[in-house]
Amino acid sequence: MRIARWLAAAALFSAMPVQAQAPTGAPKLVVVLSVDQFSSDLFSEWRGKYTGGLKRMASGVVFPGGYQSHAATETCPGHSTITSGIRPGRAGIAVNDWFGMRADGYGEIYCVEDEDIPGSTHDNYTVSLKHLSADWQTLGDRMKSLPGSTTRVFAVSGKDRGATLMAGRKADQTLWYDWRAKGFTTYIGADRSRVSTAVPALAAVNARIAQWIARPVIPPLPPQCQARISPIQVGKLTVGDGAEDGPRTDTPENMAKDYRTTRALDLATLDLAESMVAANGLGRGAGTDVLAISLSATDYIGHSYGTEGPEMCGQMVSLDARLGQFFAMLDRQKMDYVVALTADHGGFDAPERHSEHAYPSASRAPLSLAAPVLSQMLAKQFGWQGALIENRALGGDYWFTPNVPGNRRAEAAAWLKAELERQFAGKVAAVFAKADIAELPAPTGNPALWSLAQRVRASFVPDRSGDIYIALLNGQQPMPAGIRGYVATHGSPWDYDRRVPILFWRKGMAPFEQPQPVETVDILPTLASLVGLPIEAGSVDGRCLDLAAGPSTTCR
Ligand SMILES: [Zn+2]
């Protein structure tokens with residue numbers, strides 16, 4: 001009897017009309033937002049305090065534990081996944097910078113530079129997407145490739161890699177902040193007159209930045225951040241004291257660099273995004289347009305001051321408010337737009353504050369993991385001369401230089417791995433030789449359950465990844481001491497660096513929350529399905545996330 005009554009009630013319930021007016025058809029504008037270093041931890045800490053754009057995003061479809069599932073949790077690998085649907089290893093982006101041969105000799109190669117251009121150096125480079133694989137196609141590239149496509153693609157970021165890696169190869173305009181140019185710029189060789197027509201605010205924004213560089217002003221800390229003031233000593237530096245260090249005033253170059261560590265960087269980025277929308281009627285054309293925005297200030301502020309101080313509070317308050325204005329501007333255009341917001345990687349606070357905040361096991365990696373130390377170990381064993389190993393941080397990838405003979409590299413890596421495991425037993429989490437990772441299949445399934453080796457495999461690129469990979473202990477920062485601009489960082493294979501929120505919002509969309517892991521590579525197939533873009537099976541690593549809360553589906 002009770003079952004029969006339940007069945008009758010269930011039948012009645014399922015016959016009831018759906019109340020929410022769910023959006024139908026393709027949105028006219030897809031906005032993809034990346035907040036650099038916006039970890040799931042930061043999102044959960046701030047979620048209840050947002051009142052602006054981030055509150056709106058948190059009221060849509062929320063995946064609080066998305067994954068940048070790979071080990072190389074840095075800006076380039078992370079951004080390479082967001083609009084492409086493929087993992088960094090497949091995209092060709094092993095890390096931000098790897099070591100190899102360039103026009104000016106053996107050295108560091110940046111993910112979005114053309115190192116073959118004569119006269120270019122690692123510090124003075126030409127921005128290029130040449131390192132991206134053939135499998136790497138952004139949402140914008142794919143939409144523009146459709147026959148008869150009218151899609152426009154615009155992108156803007158505080159970093160060149162943030163803009164170019166979300167925009168793709170066919171974007172109409174890609175702008176980024178460049179401290180060398182002391183303002184926002186675009187590709188060398190691009191038609192500058194077209195830029196100023198397409199982004200009319202560019203001249204005014206750059207004039208404002210030039211003025212700031214000439215006479216820097218740090219805005220006061222928002223009142224709600226005063227309570228967070230609590231000075232922390234990091235080596236010789238003090239952070240968290242509420243006095244955001246003004247920019248270095250020794251050279252205009254340093255002032256142009258330090259502009260990036262201000263809340264103003266994201267405000268300028270969104271000014272340009274609004275100009276792109278207004279001047280080009282994005283979202284009001286015949287097809288669906290794409291606007292990719294990567295907001296970099298959270299990352300610079302996280303590196304400079306850590307994630308838990310008044311400085312990050314100021315950034316969260318400022319970003320939330322400005323994003324609210326940005327969405328209000330889109331609302332005024334009276335168009336149907338969808339927003340996907342995520343991050344390129346997470347982050348971890350300075351160990352010095354962790355120990356004051358009830359987490360004393362956070363630490364800094366030992367200097368004995370520096371490349372010259374490992375280089376000496378190899379030299380002693382094999383008798384080779386000169387620098388044998390290069391790296392960029394303690395732990396992570398280590399590259400053999402050309403002084404290690406090509407036919408002895410596998411042998412040297414296997415020996416060094418065994419030696420490191422012996423010498424650093426209990427002091428590092430794992431050591432992998434290149435061959436250990438190369439033989440693994442590309443990982444699939446729940447990224448929270450992947451082994452460390454699988455995480456390394458997801459950002460492994462045979463000719464760009466290191467010969468040795470050292471996974472630091474959980475909670476260990478990969479630098480020995482805090483320096484100005486760099487007291488905390490990310491880049492580890494641990495979840496505080498891998499977990500990022502993935503948030504979708506569209507007017508009329510019924511909200512729901514899914515706490516189980518999804519991945520940033522799921523964003524492209526999800527958006528593709530919304531706009532009716534076909535995706536060939538196997539061409540992406542992610543899956544479509546069904547954004548309909550009820551029995552209908554947005555995955556076609
Ligand atoms: Zn960073």
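How many residues does the largest nonpolar core have, and which of them have the most contacts inside it? In this predicted model, the largest nonpolar core has 148 residues, and those with the most contacts inside it are Leu272, Leu291, Val339 and Ile470. Domain 1 and domain 2 both give residues to this core, so it lies between them.

**The two domains**

- The domain assignment of the protein gives domain 1 as 31–93 + 132–358 + 494–531, while domain 2 is given as 366–471.
- Taken over C-alpha atoms, the centres of domain 1 and domain 2 are separated by 32 Å.
- Contact between the domains involves 12 residues of domain 1 and 11 residues of domain 2, and the side of domain 1 that touches domain 2 has, by class, 6 nonpolar, 4 polar and 2 charged residues.

**Around Val339**

- Val339, one of the core residues with the most contacts inside it, touches Val31, Leu33, Met57, Phe504 and Trp505, when residues up to four places away in sequence are not counted.

**A pair of helices**

- Helix α12 spans residues 297–305 and helix α13 spans residues 310–332, and their axes come within 9 Å and cross at roughly 170°.
- Since angles over 145 degrees count as roughly antiparallel, α12 and α13 are therefore roughly antiparallel to each other.
- On the α12 side, Ala297, Thr298, Ile301, Gly302 and Tyr305 take part in the meeting of the two helices, and on the α13 side they meet Glu311, Met312, Gln315 and Leu319.
- By class, this contact of α12 with α13 has 5 nonpolar, 3 polar and 1 charged residues.

Notes: Residues are numbered from 1 along each chain as its sequence is written. This is a predicted model: local features need pLDDT of at least 70, side-chain atom pairs count only at pLDDT 80 or more; totals for chains, interfaces and linings use all residues. Domain bounds come from an automatic or database domain assignment. Two residues are in contact if their C-beta atoms, placed from the backbone, lie within 7 Å. Ala, Val, Leu, Ile, Met, Phe, Trp, Tyr, Cys and Pro count as nonpolar, Asp, Glu, Lys and Arg as charged, and the others, Gly among them, as polar. A nonpolar core is a set of buried Ala, Val, Leu, Ile, Met, Phe, Trp, Tyr and Cys residues joined through C-beta atoms within 7 Å. A residue is buried if 20 or more other C-beta atoms lie within 10 Å of its own, exposed if 12 or fewer, and partly exposed in between; C-beta atoms are placed from the backbone. Axes are lines fitted to C-alpha atoms, for helices over the stretch in contact, and angles run from 0 to 180 degrees between N-to-C directions. Helices (H or I, at least four residues) and strands (E, at least two) are DSSP runs, numbered from the N terminus. Angles under 35 degrees count as roughly parallel, over 145 as roughly antiparallel, 65 to 115 as roughly perpendicular and the rest as oblique.
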